[in-house]
Amino acid sequence: MTTKPGRRRVTLFVTCIVDQVYPGIGQATAALLESQGVEVRVPRGLTCCGQMAFNAGFRDEAYAVAGRTIEVLRGSDDVVLPSGSCATMIRHLYPELFQRSPYAGPTADLISRTYEISEYLVDVLGVADVGARYSGSLAYHDACHGLRFLGLGRQARTLLGSVAGAEVKPLPGHDQCCGFGGLFAVKQGAISEAMLDQKLAGIAEAQADLIVTGDASCMTQIAGGLSRKGSKTKARHLVEVLANMTDARQ
Amino acid sequence: MSRDQILSNLRTSLASSRSWLAGEAQGASHDIPPYVLPPADNLADQFTAELRSLSGQVYRVGDDAGAVGQIGAILAEKGASQVIAWDMREIGLAGLPQLLAARGVALAATDIQGGGRHDRLQELEPASICISGVEAGIAESGSLLLRHGPGRPRLASLLAPYHIAVLRSSQLVRGLGDALAQARSRYGDDIFTATSNLTLITGPSRTADIEMTLSLGIHGPQEIHVVLIEQAAAAR
Amino acid sequence: MTTQSISFYERVDGALHDASLKTALSRATERFIGNRAGAIGALSDEAALRDTARAIRAGALSRLDELLAQLATNVESRGGTVCWASDGEEARTYIAELAKARGVRSIVKSKSMASEEIHLNHALEEAGLEVVETDLGEYIIQLAGETPSHIIAPSIHKTREQVSELFHQHLGVPLTDDIQTMTQTARTALRQRFLKADMGISGVNFGVADEGAVVIVENEGNARLSTTVPRIHVAIMGIERIVARMEDLGVMLQVLARSATGQKLSVYTSMISGPARSGEEDGPEEFHLVLLDNGRSKILGGEYAEALLCIRCGACLNACPVYQAIGGHAYGGVYSGPIGAVLTPLLQPDLPEAYMLPQASSLCGACQEVCPVRIAIPDMLLRLRADAVKAGKAHPVEKAAMRGYVMTMNNPAVYRAGGRAARLGSRLIGRKGRIRRLPPPLSGWTHGRDFPTLSGTSFGEWWEEREKKRKEAAQ
């Protein structure tokens, strides 16, 4: 495949949860990148960053899955993920997982070209307004890994601030964990639910139509709680708002 | 013996982690900032505001006579008959011994060393007032640095419910870093040669251990009264 | 300890259903968080101060052998006595025998996590000594027969009504709901204990190598009394709590007070070097420094050495959403919260279920964000989880799930087929786009949360379809 000189090309790593559970988030991410003139490629066989096993302490298993991911992404273009958490796995945790291994070199190379989507749009492409519109109010939840390990948050707020028709409301406890934490949500279900209750209390206070966040995992936790409580507020991924796809799924 | 065992374990451990730790140690300057807040214009004003914000009292007087007058007023208000105090020479406030004598206020015997320690402590316990000097005052935190030692008992800022401290504006420094550097330059390696104790005092004794509710005077003085003597440099 | 006889899950469950604990925890942690944020935010250069604090601590640890020896030599040259204790047993024995040799009957203690770590009170009481905790919070939980639930505020789990009831029972005073009255009750009761005590035992916030001094930080004045009034002062210090120079306190005390309580400095900071000098009218005749290793020298050599930078400010507890939900006792060890989840498996490895504590974290990183010395707590929790798996402690279901996970993720055909099956299954058990009950082992999810039903097509399938159509259109 040939590319026009100067045309940007990225490898989209939608992550396993988006691939299987929220294909719309992957579609929205691709659409956003393409609307900025970026050519998107999705390598066949890309599955998971390995975080689930790594976080559970199963390092051999994480090594097997993440090692394969490194191989699939070897020599690719910039890698963009619609997830601060999976991007954190690559940028913050791969070095520890692959230290003193044959993957140490490829890891450093991968890290140098791995971006979370809001970061890629704002910091790399220099975009502040993607031309989205949403009539209603929304509030932004800072997903922990992106916020604390990648320094994200500013980028999403910039992009949301430019959404025509949207009223951006403050979310009390916006940087407080929703309680997802991967297998934590199941293995420590009671604690996870108590944390979710705190999150939902802040959300109720915000009185927004949409809670927007940058990770499908947090979104699942928050949406799951809102749904169980019968709340009218919905949780959506940032890219769904930016790609005008907030009505794409129930 | 445990000393050798512990030190040997430490050396074994450091053989593998010393380089990482040393790298972290080089990650930033070890210079101690003399102060840590944006500098205020006037140290006496800053000290006063800080200590008052902690429910401490500050009385700003122009000279020793003013300070003695202020202390007299506090003694009268508290109805003191006995004070636990530093040696009068260590406080160095002209007219204070005369004030105490005139008011019939006794200086408690503060030496509790040797036999009869418990009995002498029981004799000190009823005193309502402590009087001390200070080594330095720290403006940005409203703190007092006390260098204890002979003639400067620790109990004279601790045992009674009211503590009066005499501070001169010349003793004010901006921050804790300043205060420690000053102590070092003043005493060199002899900071603890003649004394076993330096104490920083920042406001009255307090606790919030019950329902996070602030309560003053749990074990130390519930009131701290700083008499700040602001003499012009030329007058001293 | 009562907290050790029931399981971690039961303790968590009990905590989550304790309404008064919930109120107390949110009151305390919100206050601490707000105070800390205000105090840290007011600094001219917060980042630089924390960087320096970290560098000072790391530098001290990098030559801990040398500094510890220097501290001990200097303490001895000031007339103090040093006990090197490899473990709790050596420390307990030393203190109990010292008390016996000196005819000590009554001991006052100021707050010391190291003494909690080695269960000192129990040992001293066994030796027939009367031991009274004098920090108000510690005194309350001693009367209640409990352990601290927070590094800084040991009794935050107690309501004023519970405290009043304890004072009524043990001190015979009338019930009251006035906190100032309770404080004065404690002052009066404890004052006589101080005056009659033969020995004072304190912890140590920092050992200052160049001056042979120990630094004790507090707000109440009980540590000053414990170290001034009795004729013997015993200070217990974890060997890692050292700084090289007295000047280093100019940074460490500032970050400690701000991180712990939001104060600029704690009310009292005592710097103590040896017993009272000749001519000093008060202060102890004898000063003993117990240097407690208890596993620390080994930790220093491994991948958890960074945990030894900790200055016990408690900021990570307050910031932690898990701690906010379950409080300190649920952790079961002496140290709770995020740093407790790291320290307990290291310092109390024989504690049943210590290995589970690192699981009790969503890895949100709030702890590292507030840590004055920037300890990478989440990374260490992950390593501890890996240690537990290596030690064979993972649940068989989880092990099987992980094998399945690797098989699925590393075989695109299996991944696709599995995904299709799961998506289909989700629509079979879900209604109106949501699943209200998932089968085990995922049933924990749907206890309080719904899960969405999944669409028929994965992103990957959709993408390939789209690419195929595009190619066809281009031809």
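Predicted model: local features only at pLDDT ≥ 70, side-chain atom pairs only at ≥ 80, totals over all residues.
## Two helices of chain C

In chain C, helix 9 spans residues 136-144 and helix 10 spans residues 160-171. The axes of these helices come within 10 Å and cross at roughly 65°. The crossing of helix 9 of chain C with helix 10 of chain C is left-handed.

From helix 9, the residues C:Ile140, C:Leu143 and C:Ala144 take part in the contact, and they meet C:Val163, C:Leu166 and C:His170 of helix 10. Sorted by class, this contact has 5 nonpolar residues, 1 polar residue and no charged residues.

## Residue Leu107 of chain B

B:Leu107 belongs to strand 3 of chain B, which covers residues 106-107. B:Leu107 counts as partly exposed because it has 17 C-beta neighbours inside 10 Å, whereas a buried residue would need 20 or more.

Leaving aside residues up to four places away in sequence, B:Leu107 touches B:Val83, B:Ala85 and B:Leu100. B:Ser81 is 26 residues from B:Leu107 in sequence, and their C-alpha atoms are 8.8 Å apart in space.

## Where chain C touches chain A

The contact between these chains takes 53 residues from chain C and 52 residues from chain A. Several elements of chain C give two or more residues to its side, including helix 2 (8-16), helix 19 (377-390), strand 12 (451-452) and helix 22 (459-474). Helix 19 of chain C provides the largest share of that side, 6 residues.

By class, the side of chain C that touches chain A has 30 nonpolar, 14 polar and 9 charged residues.

Definitions and conventions:
Residues numbered from 1 in each chain as written. Chains lettered and ligands numbered in written order. Axes fitted to C-alpha atoms, helices over the stretch in contact; angles between N-to-C directions. Helix = DSSP H or I, 4+ residues; strand = E, 2+ residues; numbered from the N terminus. Left-handed = near helix turned anticlockwise from the far one by under 90°. Contact = placed C-beta atoms within 7 Å. Nonpolar A, V, L, I, M, F, W, Y, C, P; charged D, E, K, R; others polar. Buried ≥ 20, exposed ≤ 12 C-beta atoms within 10 Å, placed from the backbone.
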